[in-house]
Number of protein chains: 2
Amino acid sequence: MQAEIVCIGTELLLGRIVNSNAAYLSKKLASLGIDVFHHTTVGDNHTRLFTVLKRAMHRSDIVIATGGLGPTVDDITLEIVAQVIERNLSLNPVVLKDIKEHFHKRHIPMPKANLRQALIPKGAKVLKNEVGTAPGLIIPFDKKVLIALPGVPKEMKPMMKHDVIVYLAKHFAGNWVIVSRSVKTTGLAESQVNQKVKDILKIKPPVTVGIYTHTDSVDLNITAKAKNKRQAQKLIAPVERKICSRLKEHIYGKDGETLEEVVAQGLRKGKKTLAVAESCTGGLIAKRLTNISGSSKYFPLGLVAYSNQAKQTLLSISPETLKKYGAVSKEVARQMALNIRQLAKTNLGLGITGIAGPTGATKDKPLGLVYIALATPHKIFSQEFHFHGDRSSVRQRASQAALDILRQHL
Amino acid sequence: MQAEIVCIGTELLLGRIVNSNAAYLSKKLASLGIDVFHHTTVGDNHTRLFTVLKRAMHRSDIVIATGGLGPTVDDITLEIVAQVIERNLSLNPVVLKDIKEHFHKRHIPMPKANLRQALIPKGAKVLKNEVGTAPGLIIPFDKKVLIALPGVPKEMKPMMKHDVIVYLAKHFAGNWVIVSRSVKTTGLAESQVNQKVKDILKIKPPVTVGIYTHTDSVDLNITAKAKNKRQAQKLIAPVERKICSRLKEHIYGKDGETLEEVVAQGLRKGKKTLAVAESCTGGLIAKRLTNISGSSKYFPLGLVAYSNQAKQTLLSISPETLKKYGAVSKEVARQMALNIRQLAKTNLGLGITGIAGPTGATKDKPLGLVYIALATPHKIFSQEFHFHGDRSSVRQRASQAALDILRQHL
């Protein structure tokens with residue numbers, strides 16, 4: 001079974017809207033074990049839309065089209081769909097009634113233009129739109145199916161989630177499911193991860209493994225196709241174990257887990273509390289720690305000491321240290337960690353200082369230089385980092401490294 | 001001149017990533033007056049990628065492909081591009097040097113896999129990647145051009161913005177341009193903005209106006225098509241004036257401006273300094289203020305007082321106040337603003353406390369209740385807000401409201 005997605009709308013081609021529908025629909029199809037091989041976006045143009053839909057119906061078993069079902073003259077999807085499958089349009093009384101009701105509820109008379117939305121290709125199963133006026137359509141055709149859904153995500157999603165998924169599971173999904181598992185690492189570059197798991201990446205279906213790189217995380221996704229969820233998980237397990245044995249301590253989480261969630265779990269389990277003194281990350285570490293609801297239990301205090309003055313008065317960093325080593329130095333990071341820990345009376349204290357750029361770099365202290373220190377009841381660690389990228393990337397990577405030091409300690 | 005965009009990556013077809021590149025590239029092409037007629041997404045599959053690129057080169061003058069330029073075996077774009085244009089790959093010494101330098105800077109030896117990234121089709125103009133290792137390519141071919149860019153937005157965007165735009169403007173741009181102007185508002189719901197500018201939204205080409213809603217901003221985009229930039233700007237100006245006269249103080253910025261940038265300008269111009277005491281936003285306001293390079297000039301101190309203990313000891317909020325009014329109260333927000341101002345010896349002090357959820361809400365203090373206070377040398381303002389949405393939306397909206405109070409004061 002092959003599927004493809006056709007998104008219709010000139011506003012997409014102009015870049016005014018980011019196409020989130022294609023990803024949403026693909027995820028839903030993947031969960032049914034249906035492969036998606038193409039996404040195509042095309043404008044509200046007769047010839048090009050006809051060509052794209054015709055090609056899609058030729059090469060795929062399932063075609064989901066979104067957009068172009070509105071009431072304006074720009075909206076030509078129904079007309080072109082009818083041409084592609086060579087069927088006539090006819091006024092559908094059920095759809096017309098729904099549209100009239102939609103306006104009635106809002107105490108507005110139905111504009112004449114909306115009549116067009118009730119002209120439906122023959123043989124189509126109609127999906128009710130609970131939010132707007134454009135109906136959805138499921139049109140079985142030559143053992144294939146053409147599905148047309150509204151382009152507005154709020155109108156499209158309920159139809160996909162409730163009606164289309166059920167229809168496809170019954171008629172097309174066959175007996176397959178696709179299950180994915182993601183192993184997330186930090187502290188290694190993509191190429192270093194690649195080096196360690198090169199052979200595993202070459203694994204053949206029904207299990208596949210891919211690398212996905214984000215600013216602060218390199219993830220390995222294991223995907224398996226099988227008769228049922230349990231069997232898929234059985235295929236995934238040995239591959240996951242192998243990956244874990246290669247990447248070891250660099251793995252901070254699985255699937256949707258974030259590093260701050262993992263750190264939060266560690267703090268909660270160890271009944272430890274934490275305070276953070278930030279300079280270059282400017283509150284980002286505190287912000288990430290407090291992404292977690294209930295974080296006040298273990299994170300009483302964050303301090304953004306952005307000026308030397310604040311470092312001196314609130315964090316008691318001595319002017320001599322600042323002068324001798326500079327604000328961006330191992331010594332200052334260590335004092336920040338020690339003193340915030342004392343100030344907040346927590347088990348752990350984290351200090352971070354660096355040069356996020358684009359200004360502030362010198363020859364000795366280049367852009368991306370960051371010092372991170374962690375003070376515990378027994379000792380104090382510190383580490384020097386060199387991050388690359390723009391201000392936002394350096395700050396993101398620095399916050400990730402700091403949280404990862406915490407995770408590894410916990 | 002017709003252009004199209006081909007996005008390459010199985011992760012896009014699986015719906016794991018929303019394709020934001022296509023919209024970004026389309027916008028840039030539109031600004032040159034170049035029409036984009038198709039977006040296609042295809043996986044890391046030899047046959048399908050070849051077919052898609054071959055068709056694209058046949059029907060369009062300009063093809064921009066993104067993705068598949070990484071160092072792993074999955075990354076096959078260079079290989080397939082070479083097949084489509086029937087040219088050989090050869091090791092490019094400049095690219096190789098750049099890649100080696102990239103690793104050298106990070107004190108990592110270059111993994112062997114990265115050699116693949118320096119195998120470039122003959123006749124290609126190479127674009128340097130300032131962020132990662134994948135180079136960009138501009139390959140003139142039969143009066144057409146095939147452009148290959150990295151899939152990671154942070155690597156792709158600088159190449160598009162700096163190199164590709166210049167190249168296309170010189171060789172391909174037509175006789176008219178599209179200019180866009182964006183007017184950004186906060187503090188009003190989309191429907192409220194809509195109500196105020198309903199008639200302006202109906203304006204006819206060559207000028208069009210659209211509403212775009214984000215978590216913390218409702219933006220109006222004015223777009224004009226004309227023979228040159230100046231003429232387009234002349235068409236936009238009266239529409240922009242009309243919009244501004246309707247939305248007045250709700251407008252915080254234009255085009256790419258962020259609210260934190262506008263606040264930064266205000267602080268710098270007024271030679272004012274600011275300290276922030278945060279509870280519910282947990283460092284997000286400090287993080288946003290320090291998004292701006294050089295913010296230590298006016299933002300010496302941020303305090304994330306997430307526990308009552310920290311509020312008492314560091315911000316000197318009296319236990320009585322906390323007990324009588326609760327941590328989420330107008331009184332506590334005011335004391336936070338006053339005391340952080342005194343502590344940091346700044347002109348302005350901002351205090352914020354609220355319930356970001358999902359836990360912590362009570363009948364009297366519902367989820368989304370937020371108090372924001374601003375202390376100036378002369379007086380203290382405070383305001384109560386009710387934000388909707390999940391934890392992340394409430395925090396984003398609360399930080400936006402706080403920065404907007406600052407902007408309006410400045």
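**Where chain B meets chain A**

In this predicted model, 67 residues of chain B are in contact with 66 residues of chain A, two residues being in contact if their C-beta atoms, placed from the backbone, lie within 7 Å. On the side of chain B that touches chain A, at least two residues each come from α1 (10-13), α2 (21-31), β2 (35-42), α10 (284-289), β14 (301-305) and α11 (308-313), where helices (H or I, at least four residues) and strands (E, at least two) are DSSP runs numbered from the N terminus. The largest share, 7 residues, is that of β2(B).

Strand β2 (residues 35-42) of chain A runs antiparallel to β2(B), joined to it by 5 bridges; strands pair if DSSP finds at least two bridges between them. Within this pairing, His38(A) has Val42(B) as its bridge partner.

The chain passes from β13(B) through α10(B) to β14(B) in a right-handed β-α-β crossover, meaning that, with the strands pointing away from the viewer, the path from the first strand over the helix to the second runs clockwise.

In β14(B), 5 of its 5 residues are buried, that is, 20 or more other C-beta atoms lie within 10 Å of their own, with C-beta atoms placed from the backbone. Leu301(B), Leu303(B) and Ala305(B) point one way, while Gly302(B) and Val304(B) point the other way.

Residues are numbered from 1 along each chain as its sequence is written, and chains are lettered from A and ligands numbered from 1 in the order in which they are written. Local features need pLDDT of at least 70 and side-chain atom pairs count only at pLDDT 80 or more, whereas totals for chains, interfaces and linings use all residues.

Terms used. Buried ≥ 20, exposed ≤ 12 C-beta atoms within 10 Å, placed from the backbone.
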